[in-house]
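I open a new set of notebook entries here. I look things up one at a time and write down what I find.

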Amino acid sequence: MERFPRLAQCALSVPVTPKYLKSCKKMNPLTFHLTQLHDSRRPIFIQWNLQGRSSVCTDLISNKSYSSATARAGWFLGLGEKKKQIMPDIVKAGDPVLHEPTQDVPLEDIGSERIQKIIDEMVTVMRNAPGVGLAAPQIGIPLKIIVLEDTNEYISYAPKDEIKAQDRRPFDLLVIINPKLQQKGNKTALFFEGCLSVDGFRAVVERHLEVEVKGLDRNGKAIKVVASGWQARILQHECDHLDGTLYVDKMVPRTFRTVENLDLPLAAGCPKLGVC
């Protein structure tokens, strides 16, 4: 599940340095805007979309993110970077692994090097995306494993009224193997959801406000998670992946849209966002 509700898809983000600005021989509207932004001492990024068009991004970027992105773009800037382990790509909608039920992880396999590596890679891919949840099928593994995490930093990027309406609170990293989800109560809520496997789009999905999930941790010990609000939504979203279901399979009709159109009014006849 995606971390930023309004973070648009891009193919490459590259930090703009003073050296880059000085190297621009002609001052076109983009480089002129970059110069003004640089004088404000805000981290600046140029984003190239899949059509090769550039745009400037200064929002949703922390100093920590700026440093991280600079390191990742080191090859482009000529800064050099040590070789890192290649992580799995996030599987996109249409791949059969996302649309078919997954298999249980045998208890005797949980402590194996293979399963532990899958878990480690899932956590890394989720954090690098960035996202607040990931299911094994999203890296091409048809096993019942989910990871999720929401932090104060992630939450700080969302509007305060949205945080309150969604009942969104931080929680530590959770690794759940063979989860079994049970909905609690009858209350539900309607909010926009996004997915790392359906990048660049959002839609309204109705979810239960409270759930209980039982499963095993990465050490094979039984765990139970009772969640409400946004954490409950994340758990439902990730457990759906294990059944071969994407959020678009459950979305409210006529609410599907690109992230650029997220703030546009809902079509006539669509339900209002919030608790039902």
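I looked up how enclosed helix α8 is. In this predicted model, 14 of the 14 residues of α8 are buried, so the helix is largely enclosed by the rest of the structure. I then checked the length of α8, which runs over residues 229–242. At 1.5 Å a residue its 14 residues should span 20 Å, and the end C-alpha atoms are 21 Å apart, which agrees. After α8 comes Gly 244, and I noted its positive phi, near 80°.

Next I searched the whole structure for aromatic pairs and found two. Phe 191 lies in strand β6 and Trp 230 in helix α8, so the pair ties together parts that are 39 residues apart in sequence. I checked burial for Phe 191 and Trp 230, and both are buried.

I then took Phe 201 and Phe 256. Their ring centres are 5.1 Å apart and their planes are at 10°; this is under 30 degrees, so the pair is stacked. Phe 201 belongs to strand β7 and Phe 256 to the loop between α8 and β9, so this pair ties together parts that are 55 residues apart in sequence. Phe 201 counts as partly exposed, at 30% relative accessibility. Phe 256 is partly exposed too, with a relative accessible area of 37%.

From Phe 201 I went on to its strand. Strand β7 (residues 201–216) pairs with strand β8 (residues 222–228) in the antiparallel sense, over seven bridges. Lys 214 stands opposite Lys 224 of β8. I noted that β7 and β8 form a hairpin with five residues between them. In the turn, Gly 220 has a positive phi of about 85°.

I also looked for positive phi in residues other than glycine. Asp 167 has a phi near 50°, and its place is in the loop between α7 and β6. Its relative accessible area is 35%, so I put Asp 167 down as partly exposed. Asn 178 has a positive phi of about 50°, but its place is in strand β6. At 13% relative accessibility, under the 20% limit, Asn 178 counts as buried.

My last entry is on a peptide bond. The bond joining Ala 129 and Pro 130 is cis, with omega about -5°. I found Pro 130 in the loop between α5 and β4.

Note on methods:
Residues are numbered from 1 along each chain as its sequence is written. This is a predicted model: local features need pLDDT of at least 70, side-chain atom pairs count only at pLDDT 80 or more; totals for chains, interfaces and linings use all residues. Side-chain values use heavy atoms; hydrogens and water are left out. Two strands pair if DSSP finds at least two bridges between them. Helices (H or I, at least four residues) and strands (E, at least two) are DSSP runs, numbered from the N terminus. The expected span of a helix is 1.5 Å times one less than its number of residues. Buried means under 20% relative accessible area, exposed over 50%, partly exposed in between (1.4 Å probe, protein chains only). Rings of Phe, Tyr and Trp (its six-membered ring) pair if their centres lie within 6.5 Å; planes under 30 degrees apart count as stacked, over 60 as edge-to-face and the rest as tilted.
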